[in-house]
Amino acid sequence: ISDLIDAFRDARGRAVLGGNPFQVLIEAGSGAIRVEPMQPPRIEGGPDDAESTTTEPTSGPAATFNAKLDEQVAFKSIIVNNRDRMAEPLTAIRFYPNGTCDQFDASLTWPRRGSRRISLEITTSLPEAGPLLP
């Protein structure tokens with residue numbers, strides 16, 4: 001949980017202070033977490049093909065923050081902007097210069113400690129962590 005909170009704080013701080021959006025990238029399968037500058041959306045088919053704009057996560061410039069969750073920790077759920085992202089190999093949570101971020105809610109589980117929930121308050125980008133409610 002502390003690695004995720006540190007990543008969220010790093011991305012928020014860099015976005016607000018630097019004036020450019022940043023993203024936290026999570027690889028649920030491996031537990032890798034990194035913070036990178038957000039890549040501009042790709043437009044497939046050229047500049048006139050605005051309908052095919054994609055904002056899927058991409059790996060770009062070098063990460064400013066790297067962490068890896070303990071191998072016993074597992075994501076039970078990852079929701080970004082009300083979309084289930086558990087089946088995705090890479091999930092991006094975007095942080096903007098105005099201090100806002102994507103909606104994020106996840107639950108993690110590990111032996112001997114049970115389950116925990118972590119979420120982001122979208123208007124301030126501040127993380128909230130606590131026990132998983134029944």
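Reader: What should I know about the numbering and the atoms used?

Author: Residues are numbered from 1 along each chain as its sequence is written, and side-chain values use heavy atoms, with hydrogens and water left out. The model is predicted, so local features need pLDDT of at least 70 and side-chain atom pairs count only at pLDDT 80 or more, while totals for chains, interfaces and linings use all residues.

Reader: How many helices and strands does the chain have?

Author: Helices (H or I, at least four residues) and strands (E, at least two) are DSSP runs, numbered from the N terminus. Here there are one helix and eleven strands.

Reader: What span does helix 1 reach from its first C-alpha to its last?

Author: The expected span is 1.5 Å times one less than the number of residues. Helix 1 covers residues 2-18, 17 residues in total. Its span is 23 Å, close to the expected 24 Å. Just after helix 1, G19 has a positive phi of about 75°.

Reader: Which residues of helix 1 are buried?

Author: Buried means under 20% relative accessible area, exposed over 50%, and partly exposed in between (1.4 Å probe, protein chains only). In helix 1, the buried residues are L4, I5, A7, F8, D10, A11 and A15. Over the chain of 134 residues, 37% are buried.

Reader: How do I read the sheets?

Author: Two strands pair if DSSP finds at least two bridges between them. Strand 2 (residues 32-37) runs antiparallel to strand 5, with four bridges between them. V35 stands opposite F65 of strand 5.

Reader: What is the order of the open sheet of five strands?

Author: That order is 7-6-9-10-11, and the pairing is antiparallel. Its edge strands, strand 7 (83-84) and strand 11 (126-131), pair on one side only. Seven bridges link strand 9 with strand 10 (residues 114-121), and the two run antiparallel. F104 stands opposite L120 in strand 10.

Reader: Is S107 buried or exposed?

Author: S107 is buried, at 6% relative accessible area. It is found in strand 9 (residues 104-110). A polar contact is a pair of N or O atoms within 3.5 Å; within protein, one must be able to donate a hydrogen and the other to accept it, and residues adjacent in sequence count only if both atoms are side-chain atoms. The side chains of S107 and S77 make one of 3.0 Å.

Reader: What joins the side chains of K76 and S115?

Author: A polar contact of 3.5 Å. K76 is found in strand 6. It counts as partly exposed, at 45% relative accessibility.
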